[in-house]
Every structure is written in structure tokens, then in C-alpha cells.
Amino acid sequence: MTKIIIAIDGFSSCGKSTMAKDLAREIGYIYVDTGAMYRAVTLYALRNGMFNEEDSEKGSSSSIKADELEKAMPDIHITFKLNPSTGRPDTYLNGDNVENDIRGMEVSSHVSPVAALPFVRKAMVAQQQAMGREKGIVMDGRDIGTTVFPNAELKIFVTASAEVRAQRRYDELKGKGQEANFDDILKNVQERDYIDTHREVSPLRKAADAIELDNSNMTIPEQKAWLLEQFHKATSAK
């Protein structure tokens, strides 16, 4: 069977990564979490004091020491390694497993403005395109079907209400034993939506040939079945 590229885009906390991971495992494709790549860059910036303290809590683009981050980009190496206990890939930043570190609220509140920086997107897109040269890949993010792989054979655009997405994020953090406040998370989700859809470089938008999925009221098994159906349709058409 001819392998294809599957691009899954959508808003934050829509469950894109869970869907993409499950699908990749089901069909034997390679999964790449592009959001984790931007989160890892953000974590590097936070660890290396690349945010101005007076407005770092706001996560605004003006708070980033962009010149410093741009100079450091050649030293930021992001890789994925399969975790045998979970059966899913963990994110590594310069050889260190940062999978849990990149999922907290501190990174969440800073990642959108970092991801909006043109030099960051250029570096990450180049890495992502290299990963997809052999096809047989499932990649999720904000601009996979529009910028990274505009010719992907299957494009999915995932959406859900901000309240539903905030609740999912809250439940995820609490499940990991981390502190979480629903109102703070909802505000973060709404702010990220605005930044992601209004940035100059590769804004979040639905590709013209993408299939939209509103999963506000869907269970994970229902989403999985729907996605598999789309995959079979796309591959049978090849």
C-alpha cells in the first residue's frame, strides 16, 4: 500500500496529539508532535533566561529576548524517542527527556509567542519537512496542512469549544498531580487561540482541502473510528 502524509491541524488542547499518536500506532506510521517541538524551544528559552521578567507572565511577544534566542537556535536539538512503557514517543531537548516539563502551564503560557517568531518557525518547519520525506508519517500542529505539507494526501482540522478544551487540559494536569486552575487555563486557551490565528507567519487556519472535525462531544474511541475511516478513504483513493 502506498504510504501517505497525514496532517492534523487545529486549536490547542483539542486532543490532536492523542488522535495522531493513536492513528500512527494503529496504521504503523511514524508520529511527530510538532507542538512538542515548539514547547521544547520555549522550555529552552525559559531555562536560559530569555524572557524579560517584568512581563514574562503575560507571555507577550515583547517579553522574548528574540536576538538571544535566534543566536541559540543552532544549539537547540529536538528529537523523539519511543517510550517502551507508554508505547509513545517522548520529547528530548539536547538529549534530556523533557516530555513532562514541556506540558506544564509555564510553558503553555509562553509557547504561542515563541512559535510566532519567524526564525523559530523556519527552523522547525525545515526539521519537520525532513522528517516527512519518506512519507508514512502522521504530524499534528498548527500549520502542517497549510505550510509544512501543503500537498499532504489527508488533512484534518480539529476544533472544539474553548470551555471543553480548557476542561480537558485541567483534567490532564490534575491527572498528572500538577496544580491547575480552570479559569487560568481557559484564559490561556483563549489567548493562545488569538495569537495562533493572528500571527504573521503561518497563522492557524483550515486548509481549503482539509476535513473539519468538531470533537467537542465525541469520545476518544469515536474520534479514533472517524479518523481511521478518513485514512482508509484517502488510501483507497490512491
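Start with the open sheet of three strands, whose order is 3-4-5 with antiparallel pairing. Strands here are DSSP runs of E with at least two residues, helices are runs of H or I with at least four residues, and both are numbered from the N terminus. Two strands count as paired if DSSP finds at least two bridges between them.

This is a predicted model, in which local features need pLDDT of at least 70, side-chain atom pairs count only at pLDDT 80 or more, and totals for chains, interfaces and linings use all residues. Residues are numbered from 1 along each chain as its sequence is written, and side-chain values use heavy atoms, with hydrogens and water left out.

Select strand 3 (78–83) and strand 5 (96–97), the edge strands, each of which pairs on one side only.

Next, show strand 3 together with strand 4. Six bridges join these antiparallel strands. Look for Leu82, which stands opposite Pro89 in strand 4, and for Asn83, which stands opposite Arg88. The hairpin of strand 3 and strand 4 has four residues between the strands, and there Gly87 takes a positive phi near 75 degrees.

Now move to strand 4 and strand 5, which run antiparallel and are joined by two bridges. Select Tyr92 and its bridge partner in strand 5, Asn97. Two residues lie between the strands in this hairpin, where Asn94 has a positive phi near 50 degrees.

Why is strand 4 largely enclosed by the rest of the structure? Five of its six residues are buried (under 20% relative accessible area, with a 1.4 Å probe and protein chains only), so the rest of the structure largely encloses strand 4.

**The largest pocket**

Turn to the largest pocket, which holds about 960 Å³ of space. A pocket is an open set of points on a 1 Å grid over the protein atoms alone, with protein on both sides within 12 Å along at least five of seven lines; lining residues have an atom within 4 Å of a point. The volume is the space filled by probe spheres set on the points.

Select Gly15, Ser17, Thr18, Arg103 and Glu172: of the 46 lining residues, these are the closest to the pocket centre. Elements that give two or more residues to the lining include helix 1 (16–27), strand 4 (88–93) and helix 7 (162–175). Which element gives the largest share of the lining? Helix 1 does, with seven residues.

Conventions. On a 1 Å grid over the protein atoms alone, a cavity is a set of points where a 1.4 Å probe fits but cannot get out, and a pocket is an open set with protein on both sides within 12 Å along at least five of seven lines; lining residues have an atom within 4 Å of a point. Buried means under 20% relative accessible area, exposed over 50%, partly exposed in between (1.4 Å probe, protein chains only).
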